[in-house]
Amino acid sequence: MPEFIGLREAVGKYVKPGCTLAAEGFTHLIPHAAGLEIIRQRIRHLTLIRMTPDIIYDQLIGMGAADKLVFSWGGNPGVGSLFRLRDAYERGVPHPMVFDEHAHAAMANAYQAGASGMPMAIFKGYRGTSYPEVNPNIRFIECPFTGETLTAVPAHRPDVAIIHAQRADRQGNVWLKGILGVQKEAVLASRHSIVTVEEIVDSVDERQGGVVIPRWAVTAVCHVPMGAFPSYAEGYYERSNAFYVKWGDVSRTLPSFLEWMDTFVLSTDDFDQYLQKLKEHGYV
Amino acid sequence: MSSEIYTPEEMMIVTAARLLENDDVVFIGIGLPSKAASLARLTHAPGIALIYESGPLDTAPEVLPLSIGDGELSRTAKAVVSVPEMFNYWLQGGRIRTGFLGAAQIDRFGNLNSTVIGDYRAPKVRLPGAGGAPEIASFCSRTLVMLQQNPKTFVDAVDFVTTAGFLRGGDARERLRVPGRGPVAVITDLGVLEPHPDSHELVLTKVHPGVSQEMVFKATGWPLQTADVVGETQPPTAAEMRVLRSLRTAMPAGPMVGVV
């Protein structure tokens with residue numbers, strides 16, 4: 001049975017300096033509110049894992065929260081670059097980071113292996129590419145039955161997974177619908193999991209469609225309406241494509257990024273205040 | 001609207017769309033491939049199955065998604081699967097015919113780069129990275145590639161092989177033991193390139209109307225060979241242009257609150 005606590009308490013309790021964190025979401029249901037709370041609490045030296053690091057990881061990296069990034073596609077979807085990620089990679093700004101770079105197939109399999117209690121994932125990947133030359137975590141093994149060469153990558157075993165979902169029920173069962181990404185795998189691969197939700201309802205099950213992550217796999221549930229904004233929650237609100245486009249301008253230079261973060265994130269106490277301030281400035 | 005008035009990019013999208021068939025099953029990258037696939041579905045290929053790596057299987061978006069995971073894609077899909085299922089069962093399992101990719105760079109053997117320009121450890125430009133591309137190009141039966149053609153994008157050898165084409169040519173790809181045939185056509189704003197059957201070097205097979213071979217040579221970073229007969233693509237029809245220009249990209253002003 002998960003604990004029902006506020007986001008500030010959940011982040012403080014489970015996201016420790018130096019820990020390995022997977023805040024997952026594949027365009028949909030990205031846990032933005034939780035990411036901003038990590039920034040407000042100035043938690044640092046994180047190893048961040050994410051298939052598709054986007055704005056919230058750009059913000060964590062730009063604010064200096066991460067020492068390492070494990071990823072497979074780092075861009076602003078449909079818009080272009082993540083400038084804070086690029087600055088970290090190209091110029092070591094705000095500090096040099098370690099990059100453990102993969103392709104999607106490897107990352108998805110690494111989560112699945114972690115969820116399955118396996119030390120590594122086996123699949124057929126990276127053939128003919130330059131990735132094995134630059135990433136020692138990509139290795140090849142021989143199938144003991146067929147002799148075929150297969151690809152191996154280490155399993156993801158994060159200390160904590162954070163996801164956003166549409167609903168949890170009062171027992172703490174979590175319900176997601178729409179594009180599911182690797183959220184279930186990330187939760188099951190991790191020692192602890194924090195789930196922010198749009199709504200807490202009496203009961204959820206798969207007869208309502210969607211996917212349920214049962215309560216005993218969840219550590220903490222936090223009620224954070226709009227907690228995925230500017231990503232979206234199917235059935236609740238649309239992706240704010242306009243915000244993603246705007247982020248390209250905001251994040252282009254370090255000074256304009258820092259000023260924005262100071263105005264909207266560090267000068268607000270929580271996600272509600274942050275959203276309120278975004279509304280006042282015409283972002284929402 | 002006259003069918004004779006169109007941009008090079010529109011010519012490119014129309015040409016790519018025509019390479020998709022009604023019974024095709026297509027794994028789609030965002031941007032131009034997404035536009036071309038939607039154009040095909042709304043014109044000659046209504047039966048086409050469109051697949052995006054975020055999970056939607058057989059989707060029919062009415063507005064073009066900005067990202068590969070827009071809600072429009074899951075709402076209009078026959079099924080939405082998890083990302084591990086997408087890459088393992090559907091892609092690696094060999095259930096997808098055509099992979100449809102873009103890239104920042106391509107070389108004479110159809111290898112693609114979307115990772116870095118320059119040295120991997122100290123690049124001039126850090127690009128987003130692989131996403132699904134390496135395995136899309138390995139496990140789809142064939143790959144189509146779309147990108148603008150100029151000396152910066154069409155290079156003799158890519159800085160980083162994000163996605164293997166024919167490596168250094170000849171039978172190098174066969175020796176990789178991947179099921180997919182690799183890039184069968186590269187569609188650009190100037191024409192179409194296809195691999196030579198033996199050397200697997202990309203050769204010019206078609207130019208768009210009004211484009212000279214000389215223009216294509218100048219836009220290519222290696223001494224480009226041509227097919228024995230270089231054809232000319234058909235300009236867009238009025239119907240193709242009507243549909244293409246009616247495609248709108250999803251760009252809501254902000255969130256719309258309300259429970260479905």
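User: Why are strand S2 (residues 20-23) of chain A and strand S3 (residues 46-50) of chain A said to pair?

Analyst: In this predicted model, S2(A) and S3(A) are joined over 3 bridges and run in the parallel sense. Pairing requires at least two bridges between two strands. The 3 bridges of S2(A) and S3(A) meet that requirement, so the two strands count as paired. Within this pair, A:Ala22 stands opposite A:Ile49 in S3(A).

User: Which residue is the bridge partner of A:Ala22 in S9(A)?

Analyst: In S9(A), the partner is A:Ala161. Strand S9 (residues 160-169) of chain A runs parallel to S2(A), and 3 bridges join the two.

User: What makes the unit of S2(A), helix H2 (residues 32-40) of chain A and S3(A) right-handed or left-handed?

Analyst: The test views the strands pointing away from the viewer and follows the path from the first strand over the helix to the second; a clockwise path is right-handed. The β-α-β unit made by S2(A), H2(A) and S3(A) is right-handed. Its path from S2(A) over H2(A) to S3(A) therefore runs clockwise in that view.

User: Into which domains is chain A divided, and how many residues are in contact between domain 1 of chain A and domain 2 of chain A?

Analyst: Domain 1 of chain A covers 3-102 + 157-253, and domain 2 of chain A covers 108-154. Their C-alpha centres lie 25 Å apart. Across the boundary, 9 residues of domain 1 of chain A are in contact with 8 residues of domain 2 of chain A. On the domain 1 side, strand S5 (98-101) and helix H7 (183-189) of chain A each give two or more residues. H7(A) provides the largest share, 4 residues. By class, this side of domain 1 of chain A has 4 nonpolar, 1 polar and 4 charged residues.

User: How many residues of chain B are in contact with chain A, and which element gives the largest share of that side?

Analyst: In chain B, 47 residues are in contact with 48 residues of chain A. Helix H3 (71-75), helix H4 (83-92), strand S9 (123-126) and helix H5 (133-139) of chain B each give two or more residues to the side that touches chain A. The largest share, 5 residues, comes from H4(B). This side of chain B divides into 27 nonpolar, 16 polar and 4 charged residues.

User: Why is chain B called as compact as a globular protein of its length?

Analyst: Chain B has a radius of gyration of 18 Å, and the globule rule gives 18 Å for 260 residues. The chain has 8 helices and 15 strands. Its C-alpha atoms fill a box of roughly 60 × 45 × 35 Å along the principal axes. Of its 260 residues, 53% count as buried. Among contacts in chain B with a separation of 6 or more, 66% are between residues 24 or more positions apart.

User: How do you know whether B:Ile51 is buried or exposed?

Analyst: The cut-off for a buried residue is 20 or more other C-beta atoms within 10 Å. B:Ile51 has 28 C-beta neighbours inside 10 Å, so it is buried. Its place is in strand S2 (residues 49-51) of chain B. Beyond its neighbours within four places in sequence, B:Ile51 is in contact with residues including B:Val25, B:Val26, B:Phe27 and B:Ile96. B:Val26 is 25 residues from B:Ile51 along the chain, and their C-alpha atoms are separated by 5.8 Å.

User: Is B:Leu101 buried or exposed, and what makes it count that way?

Analyst: B:Leu101 has 28 other C-beta atoms within 10 Å, and the cut-off is 20 or more, so this residue is buried. B:Leu101 lies in strand S5 (residues 98-101) of chain B. Its contacts beyond four places in sequence include B:Gly29, B:Leu112, B:Ala137 and B:Thr163.

User: Why do strand S7 (112-113) and strand S11 (154-155) of chain B stand at the edges?

Analyst: The 3 strands form an open sheet in the order S7-S6-S11 (chain B), with mixed pairing. S7(B) and S11(B) each have a single partner strand, so one side of each is left without a neighbour in the sheet. Strand S6 (residues 105-107) of chain B and S7(B) pair in the antiparallel sense over 2 bridges. The requirement is at least two bridges, so S6(B) and S7(B) count as paired. Here B:Ile106 stands opposite B:Leu112 in S7(B).

Key
Residues numbered from 1 in each chain as written. Chains lettered and ligands numbered in written order. Predicted model: local features only at pLDDT ≥ 70, side-chain atom pairs only at ≥ 80, totals over all residues. Domains from an automatic or database assignment. Contact = placed C-beta atoms within 7 Å. Nonpolar A, V, L, I, M, F, W, Y, C, P; charged D, E, K, R; others polar. Rg over C-alpha atoms; globule rule 2.2 N^0.38 Å. Buried ≥ 20, exposed ≤ 12 C-beta atoms within 10 Å, placed from the backbone.
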